[in-house]
Amino acid sequence: MGVIVVVLPKLENAKKVKKILLEHGFQTVFACSSASSALQMVGEYSYGLVISGYRMPDMYYLDLVDCLPRDFESILLGSEETVAQVGAGILSLTMPIKAYDLVNTADMVLRQLERRIKKKTRTPKKRSEKEQNYIRNAKFLLMERNYLTEEEAHKYLQKCSMDNGTNMVETAQMILTLLFDET
């Protein structure tokens with residue numbers, strides 16, 4: 001699981017939030033009182049979450065968010081007024097926070113991050129020779145019958161597979177079956 005950095009102007013408040021998160025099973029949680037120290041901690045991890053107040057001694061929330069690495073998300077903690085001023089599209093919790101809301105929101109954000117990172121690092125499955133032949137033959141038939149280039153036939157196969165919710169091999173098999181049944 002990723003790191004959680006809690007950055008609030010009053011270190012005691014950050015430590016209270018940290019304690020809540022640790023009690024609910026989060027393992028790597030840090031508390032700090034400045035955005036610069038939060039960014040320093042963030043730099044040591046590949047992904048995670050920053051839970052922050054709106055105004056730190058050295059930076060505002062929006063500036064902090066702009067400095068975060070790509071695989072880090074943030075949650076703004078603030079009064080209803082502050083959250084409303086920042087605007088829509090920003091994940092936020094209003095003060096006073098409920099432990100339940102804090103824990104569930106942090107868990108949701110970290111799970112989404114993990115899924116996104118896993119999806120990004122996943123390598124496509126290597127196709128067998130038989131599967132490659134299906135795709136090659138379907139492309140060849142599309143090229144012959146519809147006067148397409150190989151690239152156009154490949155794009156057509158991809159589009160059909162996405163439209164039908166099937167993989168390219170299944171789509172190639174369907175095309176081969178349909179075109180051979182016509183003859």
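Here is a walk through the model, from its domains down to its nonpolar cores.

Keep in mind that this is a predicted model, where local features need pLDDT of at least 70, side-chain atom pairs count only at pLDDT 80 or more, and totals for chains, interfaces and linings use all residues. Residues are numbered from 1 along each chain as its sequence is written, and side-chain values use heavy atoms, with hydrogens and water left out.

The protein chain splits into domain 1 (1–119) and domain 2 (127–179), with bounds that come from an automatic or database domain assignment. Their C-alpha centres sit 47 Å apart.

Start at strand E1 (residues 3–7), which pairs in the parallel sense with strand E2 (residues 29–32) over four bridges. Helices (H or I, at least four residues) and strands (E, at least two) are DSSP runs, numbered from the N terminus, and two strands pair if DSSP finds at least two bridges between them. Ile4, for one, has Val29 in E2 as its bridge partner.

Now for the packing. A nonpolar core is a set of buried Ala, Val, Leu, Ile, Met, Phe, Trp, Tyr and Cys residues joined through side-chain atoms within 4.5 Å, where buried means under 20% relative accessible area (1.4 Å probe, protein chains only). The largest one has 22 residues, and Ile4, Val6, Leu21, Phe26, Leu49 and Ile51 touch the most other members. Elements giving two or more residues to this core include E1, E2 and helix H5 (99–121). H5 gives the most, with seven residues. Apart from this core lies another, of 13 residues, among them Val7, Cys32, Val42 and Val50.

Methods:
Buried < 20%, exposed > 50% of the residue type's maximum accessible area, 1.4 Å probe, protein only.
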